[in-house]
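Subject: Structure for you to look at

Hello,

Please find the structure below, followed by notes on what was found in it.

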Amino acid sequence: MKDVIIYTDGACRGNPGPGGWGALIQFDTVQKEIFGGKNSTTNNQMELSAAIEGLSTLNEPCNVELFTDSKYVMDGITLWIQNWKKNNWKTAAKKEVKNKDLWQKLDQLMTYHHVQWHWVKGHSGDLGNEKADRLANKGIDSIL
């Protein structure tokens, strides 16, 4: 399997409001930048979309090091999702899981790729994260 590094970020101008997602994908010496936006969304939806879109661009199963500055995405996919699935997509408080459709897409991609999740502090000088942030903002600009 190929080794790939993906940096993801989501952004929103207002929450909810116009939002964007961005991903920087690195394989060997190749870099690919992707981004997109949505007129009315939330920051969490864009953070999830960035990871989903980044993983979806890979044409074959890969070993992925995925970097996100979203504790929501990081904790959701590594800690919470197994219980959500066991509890028929309900939280511990018996409420519907927010963004269930996006979590299900991400969960499906996790069966295709071997993903190691890494949290990075946003806006702290990490070059990959800073690039993903610029791409997410480009995603917002593309719909305005």
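His123 sits in the loop between E5 and H4. In these names, helices (H or I, at least four residues) and strands (E, at least two) are DSSP runs, numbered from the N terminus. His123 counts as exposed because its relative accessibility is 58%. Here buried means under 20% relative accessible area, exposed over 50%, and partly exposed in between (1.4 Å probe, protein chains only). The phi of His123 is near 55°, a positive value in a residue other than glycine.

Two points about the source: this is a predicted model, in which local features need pLDDT of at least 70 and side-chain atom pairs count only at pLDDT 80 or more, while totals for chains, interfaces and linings use all residues. Residues are numbered from 1 along each chain as its sequence is written, and side-chain values use heavy atoms, with hydrogens and water left out.

Helix H4 and Asn129

Asn129 is placed in helix H4 (residues 127-141). With 1% relative accessibility, Asn129 counts as buried. Its side chain makes a polar contact with the side chain of Asp69, at 3.3 Å. A polar contact is a pair of N or O atoms within 3.5 Å; within protein, one must be able to donate a hydrogen and the other to accept it, and residues adjacent in sequence count only if both atoms are side-chain atoms. Setting aside neighbours within four places in sequence, Asn129 is in contact with Tyr7, Thr8, Asp69, Val120, Lys121, Gly122 and His123. Contact means heavy atoms within 4.5 Å.

The buried residues in H4 include Gly128, Asn129, Ala132, Leu135 and Ile140. What covers the buried residues of H4 includes E1, E2 and E3. At the N-terminal end, Asp126 caps H4, with a side-chain oxygen 3.1 Å from the backbone nitrogen of Gly128.

Helix H1

The 14 residues of helix H1 (residues 43-56) should span 20 Å, and the end C-alpha atoms of H1 are 20 Å apart, which agrees. Among the buried residues of H1 are Met46, Leu48, Ala51, Ile52 and Leu55.

His113

Is His113 buried or exposed? His113 counts as buried, because its relative accessibility is 4%. The residue is found in the loop between helix H3 (100-112) and strand E5 (114-119). The His113 side chain reaches the backbone nitrogen of Cys62 at 3.1 Å. Leaving aside neighbours within four places in sequence, His113 is in contact with Leu55, Leu58, Glu60, Pro61, Cys62 and Val64.

The largest pocket

The largest pocket holds about 240 Å³ of space. On a 1 Å grid over the protein atoms alone, a pocket is an open set of points where a 1.4 Å probe fits, with protein on both sides within 12 Å along at least five of seven lines; lining residues have an atom within 4 Å of a point. Grid points are joined across faces, edges and corners, and a volume is the space filled by probe spheres set on the points. Of the 13 residues that line the largest pocket, Val4, Ile25, Phe27, Thr57 and Leu58 lie nearest its centre. Strand E1 (2-12), strand E2 (17-27) and strand E3 (30-41) are the elements that give two or more residues to this lining.

Other places to look

A cis peptide bond joins Asn15 and Pro16, with omega about 10°. Pro16 lies in the loop between E1 and E2.

Trp89 is in the loop between helix H2 (71-86) and H3. Although Trp89 is not a glycine, it has a positive phi of about 60°. Trp89 counts as buried, at 10% relative accessibility.

Ala92 also lies in the loop between H2 and H3. Ala92 is exposed, with a relative accessible area of 79%. Ala92 and Lys2 are 90 residues apart in sequence and 37 Å apart in space, C-alpha to C-alpha.

Regards

Note on methods
The expected span of a helix is 1.5 Å times one less than its number of residues.
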